Amino acid sequence: MGCGASTMSSEEEGDLFLQNKRANDVIERSLQQQKHKENKEIKLLLLGTGESGKSTVLKQLKLLHQGGFSNQERLQYTQVIWADAIQSMKILIIQARKLRIPLDCDNPQANRHLFEQKRLILRAKPLELVDASLAGGSGFLNDYVLKYSETSENKRRTQSTGEAQAFRNSMLMDDTLHKNSSHAGGPGDGVDFQELSEGLNEDQINPALSRQQSNARPVTSQEIATAIEKLWHYDRGIRQCFARSNEFHLESSAEYYFENIHKFAAPGYVCSDEDILKGRIKTTGITETAFNIGSSSFKVLDAGGQRSERRKWIHCFQGITAVLFVLAVSEYDQMLFEDERVNRMHEAIMLFDTLLNSRWFINTPFILFLNKTDIFKDKLTRSPIRQYFPHYQGRVNDVEAGLKHFEDIFLGLNKSQRPIYVHRTCATDTQSMRFVLTAVADLIIHQNLKKSGIL
Ligand SMILES: Nc1nc2c(ncn2[C@@H]2O[C@H](COP(=O)(O)OP(=O)(O)OP(=O)(O)O)[C@@H](O)[C@H]2O)c(=O)[nH]1
Ligand SMILES: [Mg+2]
């Protein structure tokens, strides 16, 4: 018998009712302890559309409260950034041609040197230049194919939940929710090797030139870096095309990659904190990271924001202390990666509306980050808000009026009385994020204490 038996009298020992009661008391006590522990643990859920900056916020939390990044993460980002840098320059070349922007590097008579540099870039095969296993194995390859293969546009649309409405419907119907959650693995978890073409290579652009080059010696990373540097700094068409990158998909940090290209090409280079904050690895599924902030235990859940990822969100809606919705406010003039017919801001508005007013979060505090304010400031004059949001009344280059416009749209979706806490952020800027994240943690701790009746 267990330790409880030693205090029993022989009369009690024979009493089955008493024995059962004691066993139940033990279970009840342990359930209470568990509940108490769960109540003490703060669960912060990061939500928002793809590429809005959720994982970057999590990275800042790691820098603040977990002593930073592991060596493995640094090596992983070195590989991923190098591949993305090369592909980003290829994309600029291809898109310039599609947009009929004349490229200096396409004119061998006038710019022989740039012409040669461009050929080097188009010949480069990033998958042969990176260590795919260090970069993240099948996750990296799958993401790479989805981003850069020729057929990816259709594939992305098929893999997305199709209609943005689908997520909204699934939030409203428990049946649908249940059905969706049982398919959590979803498509996109494996690699379609048939699609693993380099996509944007010279073969499609100039087959004759490609045949001629098939016997050429392999190009080195340093040569590719020099070629990217030259095109970035000296080809006027590349700059014009970059200024119109809201019309196609380009990595948010492409400019940073180009400006630092030699660093990423250097043998044995290991990413710095800043590089990791600028680098992008799409989140698949939901990650959980534990932090101790003051005397509170935090669990931060970071969910992949692309449409195909959202069907998995339901798994973590229970017991959330606060939702941190990250909006890329700079994306008012961009289309979704998953479906280039849908404006990113419209998608974020729909998503925020659905989450904020869903029964899952009736009593859950919401924090809203208007993120990527640095990019927002940069593009205002070049890309007037009114062109995409005709109701905007502010001046073209008025940053404050622009931010307020979108803030008002989001706050106007609130059908409840609870406040929404808004911060304007640049998630890649460690110094400013330190203040914001400290304020957010204080707020959540305070709210949690109030909820548990301690305050
Ligand atoms: N310039 C700038 N870049 C940012 C900012 N926030 C995030 N980024 C960049 O935007 C890209 C996407 O950021 P992520 O944090 O991976 O986006 P996410 O919301 O986690 O995306 P998913 O995992 O697909 O849902 C990365 O390259 C980041 O460096 C910002 O405030 N300013
Ligand atoms: Mg992410």
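**Close-up 1. The salt bridge between arginine 74 and aspartate 273.** Arginine 74 and aspartate 273 form a salt bridge in which the closest N and O atoms are 2.9 Å apart, a salt bridge being a side-chain nitrogen of Lys or Arg within 4 Å of a carboxyl oxygen of Asp or Glu. The pair links distant parts of the chain, with arginine 74 in helix 4 (residues 71-98) and aspartate 273 in helix 18, 199 residues apart; helices (H or I, at least four residues) and strands (E, at least two) are DSSP runs, numbered from the N terminus. Arginine 74 counts as buried at 18% relative accessibility, whereas aspartate 273 is partly exposed at 31%; buried means under 20% relative accessible area, exposed over 50% and partly exposed in between (1.4 Å probe, protein chains only). The model shown is predicted, so local features need pLDDT of at least 70 and side-chain atom pairs count only at pLDDT 80 or more, while totals for chains, interfaces and linings use all residues. Residues are numbered from 1 along each chain as its sequence is written, chains are lettered from A and ligands numbered from 1 in the order in which they are written, and side-chain values use heavy atoms, with hydrogens and water left out.

**Close-up 2. The salt bridge between aspartate 104 and arginine 236.** The closest N and O atoms of aspartate 104 and arginine 236 are 2.9 Å apart in this salt bridge. Aspartate 104 lies in the loop between helix 4 and helix 5 (112-123) and arginine 236 in helix 15 (residues 236-243), so the pair ties together parts that are 132 residues apart in sequence. Aspartate 104 is buried, with a relative accessible area of 11%, whereas arginine 236 is exposed, at 59%.

Close-up 3. The side chains of glutamate 347 and arginine 310 meet in a salt bridge, at 2.9 Å from N to O. Because glutamate 347 lies in helix 20 (residues 344-356) and arginine 310 in helix 19 (residues 307-310), the pair ties together parts that are 37 residues apart in sequence. Glutamate 347 is buried, with a relative accessible area of 2%, and arginine 310 also counts as buried, at 3%. Salt bridges that share partners join Arg307, Arg310, Asp339, Arg341 and Glu347 into one network. The structure as a whole holds 28 salt bridges.

**Close-up 4. The surroundings of ligand 1.** Ligand 1 is surrounded by 25 residues, the closest being Lys54, Thr56, Leu277, Gly305 and Asp374, where a residue is near if one of its heavy atoms lies within 4 Å. A polar side-chain atom of serine 55 lies 2.9 Å from an oxygen atom of ligand 1, a backbone N or O atom of leucine 277 lies 2.6 Å from an oxygen atom of the ligand, and a nitrogen atom of ligand 1 is 3.1 Å from an N or O atom in the side chain of asparagine 371. The protein covers 98% of the 650 Å² of accessible area that ligand 1 has on its own, by the Shrake-Rupley method with a 1.4 Å probe. Helix 3 (54-65), helix 18 (273-278) and helix 21 (373-379) are the elements that give two or more residues to the shell, and helix 3 gives the most, with three.

**Close-up 5. The magnesium ion.** Ser55 (OG) and Thr283 (OG1) coordinate the magnesium ion (ligand 2) at 2.0 Å; donors are N, O and S atoms within 2.8 Å of the metal (3.2 Å for Na, K and Ca), and water is not among the atoms, so sites may look incomplete. Both serine 55 and threonine 283 are buried.

Definitions and conventions. A polar contact is a pair of N or O atoms within 3.5 Å; within protein, one must be able to donate a hydrogen and the other to accept it, and residues adjacent in sequence count only if both atoms are side-chain atoms.
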